[in-house]
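Please view the sequence and the model before reading on.

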Amino acid sequence: MKTIIEPHRVKMVEPIRLTDRDERERLIEKAHYNLFLLHAEDVIIDLLTDSGTSAMSSEAWGAMMRGDESYAGARSWYRFRDTVKDIFGFEQVVPTHQGRAAERILFSVMVQPGSIVPNNTHFDTTRANIEFCGGKALDLPCAEAADLESDAPFKGNMDIDALEKLVAEEGREKIPLIMVTITNNSGGGQPVSMANIREISRIARDADIPFYVDACRFAENAYFIKLREPGFENRTVIDIAREIFALADGCTMSAKKDAFANIGGFLCTNDAELAQRERNILILTEGFPTYGGLAGRDLEAIAVGLREILDEHYLDYRLLSTRYVVNGLLDSGIPVVAPAGGHAVYLDARRFLPHLDPLQYPGQSLAVELYIEAGIRGCEIGTVMFGMNPHSGEEQPARSDLVRLAIPRRVYTQSHMDYVLEAIQYVWERREAIRGMRIVKAPQFLRHFTAYFDWL
Ligand code: F0G
């Protein structure tokens, strides 16, 4: 059958408030053309992020009711810990309230001023936490990643030659850890191959440098390996995931992505002494080591979600549904990052609006148009987000100008995806009339969250 169906039934619904175009024009003007400043109830389809926005299952809601809220040694903690150990295989599990808390703790014990931490592409919070500790966050994406149109299967890979060169030049004195982000979110949601992960692991082990996986979307990445990498077609996703983590010394995880949870995360390692130092910091800001800033019910939801995310019928639907949107856009000649990644569709705003200069923020302009036309909220990933050097105050075009439409897990149906496709096609037809934008005012750091914009 060619119709994609959701492998779940709807048990509870959340009404969407429908708005019309005139109303949205007023609302976005009031929000100073910044989609982060809208009220969520004024959005019809919210594709701002796939993080913490998933729909939980009846099993997960049921498990929440048995959450054990004991301060220390709760039953829920052991259920959570045993599930994480079973899938990820690391000996030490440190719970945190979300992914960036795991990052902050990890880097505060491992990174010193002058350290260099390579990654395929650091996510913003990873980069910011390394820089906060005085380190340098270095992106080493593979060459194929630069071509937004090619259909190479593993464009999330790390550049192995560049990593080898860096390790040879700087050594373990300067490099406290090597990371890889699966899937590569800032690199278009593209997967990393097992071959690439094996190579990174080999380089790290030869140089005696710990190797960490940023595991946020590990199940999607494992399923891409099953679909695209020769030799994995008959392996189960859990088995592939276990092999990935067996090649590493630890991981950071946001349970808000591939665990279907609304909040939560964890940090893993095989090094008991390191874990002790991490727990000492954990207690200062997150909480006791058997709950780490989470309620017992959250630990329960994550334990259930981590099992459900490995369901191959779910993963098949997930990747097919994203691919359906990307292929629909490609068929209409609309510029989009290809091939489809797992969790998001990335429109290429520079090619969508070629009459705009990058400093006229084509990504922002396209994101605002999508809201006005259809009530869809996406997110600019381009010159607004990365173009300003906060230290020198100088502005430059970013590497690319994209609009990310991140798809919350199990929340929207195929008909919502048809609506998204139709809306983008409509904006595409009248693209020549779309104006650029200017920034009216913006803070020095992370300006995209609060900047005010206006039409040129
Ligand atoms: N690493 C990656 C690859 C991420 O995508 C995120 C979050 C984090 C770490 C941090 O996790 O939010 O739980 O603290 N990404 C979200 C997004 C915010 O919209 O892509 P967190």
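## Ligand surroundings

The ligand is surrounded by 17 residues, of which the closest are T49, R100, S254, K257 and R404; a residue is counted here if one of its heavy atoms lies within 4 Å of the ligand. This is a predicted model, in which local features need pLDDT of at least 70 and side-chain atom pairs count only at pLDDT 80 or more, while totals for chains, interfaces and linings use all residues. Residues are numbered from 1 along each chain as its sequence is written, and side-chain values use heavy atoms, with hydrogens and water left out.

By class, the shell holds 2 nonpolar, 8 polar and 7 charged residues. In this scheme Ala, Val, Leu, Ile, Met, Phe, Trp, Tyr, Cys and Pro count as nonpolar, Asp, Glu, Lys and Arg as charged, and the others, Gly among them, as polar. Helix α4 (residues 99–110) provides the largest share of the shell, 3 residues; helices (H or I, at least four residues) and strands (E, at least two) are DSSP runs, numbered from the N terminus.

## Atoms beside the ligand

A polar side-chain atom of S254 lies 2.7 Å from a ligand oxygen, and one of Q98 lies 2.8 Å from a ligand oxygen. From G99, a backbone N or O atom is placed 2.9 Å from an oxygen atom of the ligand. Taken alone, the ligand exposes 470 Å², and the protein buries 94% of that, with accessible areas taken from the Shrake-Rupley method with a 1.4 Å probe.

## Two domains

The chain is divided into domain 1 (21–50 + 312–455) and domain 2 (58–308), with bounds from an automatic or database domain assignment. Their centres, taken over C-alpha atoms, are 27 Å apart. Domain 1 gives 24 residues to the contact and domain 2 gives 30, where contact means heavy atoms within 4.5 Å.

Between them the domains bury about 2,300 Å², 53% of it on carbon and sulfur atoms; buried area is the accessible area (1.4 Å probe) lost when two parts are put together, summed over both. E312, P339 and R409 supply 23% of the area that domain 1 buries against domain 2, more than any other three residues.

## Backbone features

Most residues other than glycine have a negative phi, and most peptide bonds are trans. The bond from A338 to P339 is cis, with omega near -5 degrees, and P339 sits in the loop between α12 (312–331) and β9 (344–348). The bond from I182 to T183 is also cis, with omega near -20 degrees.

Terms used: A polar contact is a pair of N or O atoms within 3.5 Å; within protein, one must be able to donate a hydrogen and the other to accept it, and residues adjacent in sequence count only if both atoms are side-chain atoms.
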